[in-house]
Amino acid sequence: MDPRALPPRLVIDPSLPPETSVELRSSPHILRKARSGARMDTTKNPATLFLLPGFLVMLAVVTGVAELAIAGVGVGLIVLIRWMALDSSYRSTRRKLRLAREYANYYILPEDLDYPCQMLLRRAQNAVDAIMASRVHRDGLIDSIDNQVSLPEEVWQIAQRLRRLSSMHAEHGKLIPRELPTGLEDAFKPYSNALDAAWTSLSRRVRHLEKYAKQVIKADRVYHAHRRLEALAARTPEYQQLIADTVRDELGRQHIRELSDQATHVRKLFEESILQARQAAGELLRTPLT
């Protein structure tokens with residue numbers, strides 16, 4: 001399946017403490033419960049498992065039947081083992097749900113966005129993934145805007161605005177009549193234009209990210225070729241000697257010059273590709289989201 005057609009991933013505010021971010025990211029289903037307003041099902045509290053053995057023991061005391069006491073103790077041991085397993089999971093789920101409610105404004109789920117906004121956010125995430133996975137990024141050759149910090153913040157800002165735009169799209173669709181009375185079309189037009197302008201601005205922002213990613217991918221390819229050529233350049237004297245020993249005319253001298261010039265040419269292409277990637281990053285910074 002084309003990755004571009006997949007829904008976006010969960011987005012979490014990068015300013016959150018790492019431990020909180022990890023906790024939220026570990027349980028998307030809990031975040032969905034919190035977003036929908038679902039409550040913890042107290043009827044499934046593991047502590048209720050002790051009702052049956054407790055009842056058996058109490059019945060044994062009242063009736064004096066020893067077998068009931070033995071049965072109660074046996075069932076109690078089984079329940080105790082099961083309770084130890086379930087209670088930990090129950091308390092963990094309850095804690096995560098409380099955390100998800102507390103930080104409800106610090107994460108954005110795919111379901112928070114309508115389909116067009118989901119696809120736009122996914123494009124932004126794909127562009128950032130390409131940048132972060134590149135060799136030139138990992139080797140610190142293009143990190144003129146601190147990608148590790150700036151790019152997650154960029155995705156978060158885009159996601160926040162897309163969530164708001166999705167909400168307003170839904171509200172707009174409910175408020176605008178399907179068939180407008182004659183002469184009132186222009187009265188509703190400024191509101192539709194405002195939504196279109198916001199969408200256009202966010203789309204342009206994502207295209208800036210994609211342009212940066214394309215330049216980084218280009219730089220990566222040149223960098224790969226440059227590293228291969230560097231390995232060959234270390235053996236340039238051997239190649240030159242081979243030419244000198246076997247080709248005794250002007251053509252031989254030409255080949256020797258080409259061996260020297262080619263490394264310089266690829267180095268220049270590499271430097272230009274890195275410069276273009278940095279310029280694309282600078283363009284991204286010069287057009288902040290507002």
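Arg-135 and Asp-139 form a salt bridge in this predicted model, with the closest N and O atoms 3.1 Å apart, where a salt bridge is a side-chain nitrogen of Lys or Arg within 4 Å of a carboxyl oxygen of Asp or Glu. Arg-135 counts as partly exposed at 32% relative accessibility, and Asp-139 also counts as partly exposed, at 35%; buried stands for under 20% relative accessible area, exposed for over 50%, and partly exposed for what lies in between, with a 1.4 Å probe and protein chains only.

Before I go on, a word on conventions. Residues are numbered from 1 along each chain as its sequence is written, and side-chain values use heavy atoms, with hydrogens and water left out. Since the model is predicted, local features need pLDDT of at least 70 and side-chain atom pairs count only at pLDDT 80 or more, while totals for chains, interfaces and linings use all residues.

Searching the whole structure gives seven salt bridges. In one of them the side chains of Asp-112 and Arg-35 meet, at 2.9 Å from N to O, and this pair links distant parts of the chain, with Asp-112 in the loop between β2 (107-108) and α5 and Arg-35 in helix α2, 77 residues apart. Helices here are DSSP runs of H or I with at least four residues, strands are runs of E with at least two, and both are numbered from the N terminus. Asp-112 is buried, with a relative accessible area of 17%, whereas Arg-35 is partly exposed, at 25%. Another salt bridge joins the side chains of Arg-205 and Glu-154, at 2.4 Å from N to O; that pair too links distant parts of the chain, from helix α8 to helix α7, 51 residues apart. Both Arg-205 and Glu-154 are buried.

Let me turn to the nonpolar cores, each a set of buried Ala, Val, Leu, Ile, Met, Phe, Trp, Tyr and Cys residues joined through side-chain atoms within 4.5 Å. The largest has 35 residues, of which Ile-142, Leu-162, Leu-209 and Tyr-212 touch the most other members. α5 (115-133), α7 (147-175), α8 (185-233) and α10 (250-286) each supply at least two residues of this core, and the largest share, 10 residues, comes from α8. Apart from it lies another core, of 13 residues, among them Leu-10, Leu-31, Leu-99 and Ala-100.

Leu-31 leads us back to helix α2, where Ile-30, Leu-31 and Ala-34 are buried. Why do they sit on the same side of α2? They do so because they cover an arc of only 100° around the axis, the arc being that of the directions from the helix axis to the C-beta atoms. After α2 comes Gly-37, whose phi is positive, near 85°.

On a 1 Å grid over the protein atoms alone, a cavity is a set of points where a 1.4 Å probe fits but cannot get out, a pocket is an open set with protein on both sides within 12 Å along at least five of seven lines, and lining residues have an atom within 4 Å of a point. Glu-23, Leu-24, Ser-27, Ile-30, Leu-31, Lys-96, Leu-99 and Ala-100 line the largest cavity, and α4 gives the most to that lining, with three residues. The largest pocket is lined by 19 residues, of which Arg-9, Arg-25, Val-128, Pro-152 and Val-155 lie nearest its centre, and α7 provides the largest share of the lining, five residues.
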